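Take a moment with the sequence and the model below. We will walk through them step by step.

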Amino acid sequence: MNGEATKPKPLPTIPPYGPNAIDIQNLTFTYLAGANGSSLSTPEDANLVLEKLNLNLGTGSRCLLIGANGSGKSTLLRILAGRHLTKSMDPEGNPSATKVLGLNAFHDTRLNFHRAYLDCDWGMRNVAFVGAAVPLMADIPVRNMMQKLQASYPERRDELLDMLGIDLDWRMHQLSDGQRRRVQIFLGLVRPFQILLLDEITTSLDVCVRQDLLRWLVRESDNRGATIIYATHIFDGLDEWATHLYYLNNRGQCGWQGKMQDLDVYQKLKAEAHPCKMLAIAEHWLRQEINEAKANNQKEKAQGALAHQLDPTDNQGGFGSGRLKINPTAVEEPKQEQRQGRLSDMMGNSGVLDKVRRVGN
Ligand SMILES: Nc1ncnc2c1ncn2[C@@H]1O[C@H](COP(=O)(O)OP(=O)(O)OP(=O)(O)O)[C@@H](O)[C@H]1O
């Protein structure tokens, strides 16, 4: 037993919400820096981060969120965590909604008592500590952090301390990265959650703690019906972990989603007893994106070269190359000397004109 136990405050109740703990309909999202640097979604900005996403996750699901760097995984998790405001209409005027436990993910503050969100930013900022904000690198013992919360769930606290191998006398300023990460996970999970959003938080955990944590999360969803979404690039120990998979492609669209049992390639790898199924699937999808991007680049280059061939008077490349002669009748055909002059600009050789004149003489 570690420290005091106090009766937890009753949590705000969540009205019945049907089978889906997470329900996203037609979500499109764009970052826009507001006047104070805040991020707002706007239909005017063409650079969409997430486009027309739908996601339904039944209560008690464990969903792996897969995608390349920059595909929008953290953005999606932050939206579900209520960190970003989204619009109720998409840019084309179709209704859009992001619901967690049947409530608006951004507006309904009741969710904060039932939803846990852990990301890699922790430790970079301040947390509430005895009514004030102190840096997590300060000289604080773990037992004094979020004291009331720890005391409200003594059994859970002890279970987590044991699993994560945390000593309550650890002082934050003396911890390694992995130890600080364990404390983050401890404080984030000590209150029983209905929804857990994990954004690559197992980096820097040693292999035993990571495996124990993954198994503990399975028990949380199987025994308590907690719904978990986990975004990661590390697939060790995850082959049998997830019930669902959501693949976000590099255009911020859904590449694949569904139950693991419905993913043919997964079932095939399972039948073959493949040693790293999730890694193989993620690599397959992400390599496909890389190859498509390369093919598109080559196509664009080829189109650029073709434009030069079609307009031999403009061999200079660069911005607007080949676009100057929009109306051929309005542009006078350049004389031989002018053409040579343009070439010389490109080559940085003003002697070309002289050479032409000398040859002409
Ligand atoms: N606060 C922000 N303001 C503007 N653009 C942002 C912001 N945060 C992320 N982005 C952009 O949104 C896109 C998606 O970023 P996000 O962090 O969601 O990707 P990710 O899939 O989590 O990537 P990673 O795997 O590298 O963590 C990227 O192009 C990124 O540059």
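How many bridges join strand β3 to strand β10? There are four, and the two strands run parallel. Strand β3 covers residues 62–67, and strand β10 covers residues 227–231. Look for R62 to find one of the pairs: its bridge partner in β10 is I228. Keep in mind that this is a predicted model.

Now widen the view to the sheet. Six strands form it, in the order β6-β9-β10-β3-β11-β12. The sheet is open, and its pairing is mixed. Strands β6 and β12 (254–259) stand at the edges. Each has a single partner strand, so one side of each is left without a neighbour in the sheet. From one strand to the next, the twist averages 10°.

The partner of β6 is strand β9, residues 195–199. The two pair in the parallel sense, over four bridges. Here A116 stands opposite L196 in β9.

Next comes the nonpolar core. In soluble globular proteins, nonpolar side chains tend to be buried together. The largest nonpolar core in this model has 61 residues. Which of them touch the most other members? They are C63, L65, L80, F186 and L197. Leaving aside residues up to four places away in sequence, L65 touches K73, I229, Y230, A231, Y246 and L248.

K73 leads us to helix α1, residues 73–80. The helix is mostly covered, with seven of its eight residues buried. Those buried residues are K73, S74, T75, L76, L77, I79 and L80. L80 is also among the core residues that touch the most other members. After the helix comes G82, with a positive phi near 80°.

Finally, turn to the ligand. How many residues surround the ligand? There are 11, and the closest are Y31, N69, K73, S74 and T75. Helix α1 gives the most to this shell, with three residues. What is the shell made of? Eight of its residues are polar, two are nonpolar and one is charged.

Technical notes:
Residues are numbered from 1 along each chain as its sequence is written. This is a predicted model: local features need pLDDT of at least 70, side-chain atom pairs count only at pLDDT 80 or more; totals for chains, interfaces and linings use all residues. A residue is buried if 20 or more other C-beta atoms lie within 10 Å of its own, exposed if 12 or fewer, and partly exposed in between; C-beta atoms are placed from the backbone. A residue is near a molecule or strand if its C-beta atom, placed from the backbone, lies within 6 Å of it. Ala, Val, Leu, Ile, Met, Phe, Trp, Tyr, Cys and Pro count as nonpolar, Asp, Glu, Lys and Arg as charged, and the others, Gly among them, as polar. Two strands pair if DSSP finds at least two bridges between them. Axes are lines fitted to C-alpha atoms, for helices over the stretch in contact, and angles run from 0 to 180 degrees between N-to-C directions. A nonpolar core is a set of buried Ala, Val, Leu, Ile, Met, Phe, Trp, Tyr and Cys residues joined through C-beta atoms within 7 Å. Two residues are in contact if their C-beta atoms, placed from the backbone, lie within 7 Å.
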